[in-house]
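Visitor: Can you walk me through this one? I'd like to go from the overall fold down to single residues.

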Amino acid sequence: MLKIAYHPIYCHPLPEGHRFPMLKYELLPEQLIHEGTCTLANFFEPNRMLNEAPILAVHEPEYFYDLLNITLDQRAARKIGFPLSEVLIEREIVIADGTIKASKYAIKNGIAMNIAGGTHHAYTNRGEAFCMLNDQAIGARFLQKKGLAKRILIVDLDVHQGNGTAEIFKDDPSVFTFSMHGKHNYPFKKEQSDLDIALENNVGDTEYLSILQDTLPKLIKNFQPDFIYYLCGVDVIATDKLGKLGLTVNGCKTRDQFVLETCKANNLPVMCSMGGGYSPDIKTIVNAHANTFRLAQDIYF
């Protein structure tokens, strides 16, 4: 069975007019259940109890405790982009736990997913751009420390470079960071991933998919991972307010299909975090994200 991390805390209240589409975390599971792609049995709730060890394996203690105690300085807090609160930090911890538990389900079932996550702008010692704790980095370190995986490939296809993830693993040859993103998108000062493919504005389905189809199988062959994290942001779609690429919703779906089929063909467990999506119409965002879950069901179950 496809297992999906979800908790009501994911949909956190924000000030009116805030540009982050928090409502998608409520609508997406509702849509998946309504259409019959999933039932309640597919979903599991991450733990709200704090387990510091997996977080401190990635993030510096001073930064984490400043988050936990809401004592970040104002400049650092502004870079995150959310009004900080105890509940917001608890949300971030719950998301990270969801990714850890989904990673274990992925090893068991071939794939597992988190309704939220993909917080790839979180560095070892700071957060930015709606990201505070790097869920996939935390998951990767957890698997390695528990002896559940040795060589991990992070496939980051969000429109924004996974700068925090690149920084966290810059000196770690056991985790390969691959980011394919908009060249002229945030972050404007990029970090160096193990492989960065920076795309020009308005790159569409054909060019995007051709590059991905040429790149991913070679990466898998050369690096020989035993686990894959897939950050499947839907902000690559042409209508996205914060993205500058030109994919259609169907092109984004074909991207996901290729990644998941490639993982399955190589017998590699894959854990998917949703990442970004900022199209003006919330229905576009939810449908594009839902496609990833539909494909997971079709390909694996």
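Guide: A term to start with: buried means under 20% relative accessible area, exposed means over 50%, and partly exposed is in between, with a 1.4 Å probe and protein chains only. Helices (H or I, at least four residues) and strands (E, at least two) are DSSP runs, numbered from the N terminus. The model is predicted, with local features needing pLDDT of at least 70, side-chain atom pairs counting only at pLDDT 80 or more, and totals for chains, interfaces and linings using all residues. Residues are numbered from 1 along each chain as its sequence is written, and side-chain values use heavy atoms, with hydrogens and water left out.

Visitor: Which residues of strand 8 are buried, and on which sides?

Guide: Val-270 and Cys-272 are buried on one side, and Met-271 and Ser-273 are buried on the other, so both faces of strand 8 are covered.

Visitor: What does strand 8 pair with?

Guide: Strand 7 (residues 227–231) runs parallel to strand 8 (residues 270–273), joined by 4 bridges. Strand 3 is also parallel to strand 8, again with 4 bridges. Two strands count as paired if DSSP finds at least two bridges between them.

Visitor: Which residues are the bridge partners?

Guide: Ile-228 has Val-270 as its partner in strand 8, and Leu-231 stands opposite Ser-273. For Ala-112, the partner in strand 8 is Met-271.

Visitor: What is the strand order in the sheet?

Guide: The sheet is open, has 8 strands with parallel pairing, and is ordered 2-1-3-8-7-4-5-6. Strand 2 (43–44) and strand 6 (195–199) are the edges, each pairing on one side only.

Visitor: Which helix packs on the sheet?

Guide: Helix 5 (residues 86–109) does, touching strand 1 (3–5), strand 2, strand 3 (111–114), strand 7 and strand 8. Its direction makes about 165 degrees with that of strand 3. Such angles run from 0 to 180 degrees between N-to-C directions, and the axes are lines fitted to C-alpha atoms, for helices over the stretch in contact. Contact means heavy atoms within 4.5 Å.

Visitor: Is Glu-86 buried or exposed?

Guide: Glu-86 belongs to helix 5 and is exposed, at 64% relative accessible area. Asn-69 is 17 residues from Glu-86 in sequence, and their C-alpha atoms are 7.6 Å apart.

Visitor: Back to the sheet. How many residues of strand 5 are buried?

Guide: In strand 5 (residues 175–182), 8 of 8 residues are buried. Strand 5 pairs in the parallel sense with strand 4 (residues 152–156) over 5 bridges, and Phe-176 is the bridge partner of Leu-153.

Visitor: Which residues touch the most others in the largest nonpolar core?

Guide: That core has 97 residues, and Tyr-10, Ile-115, Leu-153, Phe-178, Tyr-208 and Leu-260 touch the most other members. A nonpolar core is a set of buried Ala, Val, Leu, Ile, Met, Phe, Trp, Tyr and Cys residues joined through side-chain atoms within 4.5 Å.

Visitor: What does Tyr-10 contact?

Guide: Leaving aside neighbours within four places in sequence, the contacts of Tyr-10 include Met-22, Tyr-25, Pro-46, Arg-91, Val-94 and Ile-115.

Visitor: Now the loops. Where is Gly-162, and what does Gly-162 touch?

Guide: Gly-162 sits in the loop between strand 4 and helix 7 (163–168). Gly-162 is buried, with a relative accessible area of 3%. Not counting residues up to four places away in sequence, Gly-162 touches His-120, Asp-156 and Ser-179.

Visitor: Which peptide bond is cis?

Guide: The one from Tyr-186 to Pro-187, with omega near -5 degrees. Pro-187 is in the loop between strand 5 and strand 6.

Visitor: Which residues other than glycine have a positive phi?

Guide: Among them are Ala-129, with phi near 50 degrees, and Asn-202, with phi near 70 degrees. Most residues other than glycine have a negative phi. Ala-129 lies in the loop between strand 3 and helix 6 (135–145) and counts as buried at 19% relative accessibility. Asn-202 lies in the loop between strand 6 and helix 8 (205–223) and counts as exposed at 62%.

Visitor: Last topic: how many helices and strands does the chain have?

Guide: The chain has 10 helices and 8 strands, and 58% of its 301 residues count as buried.
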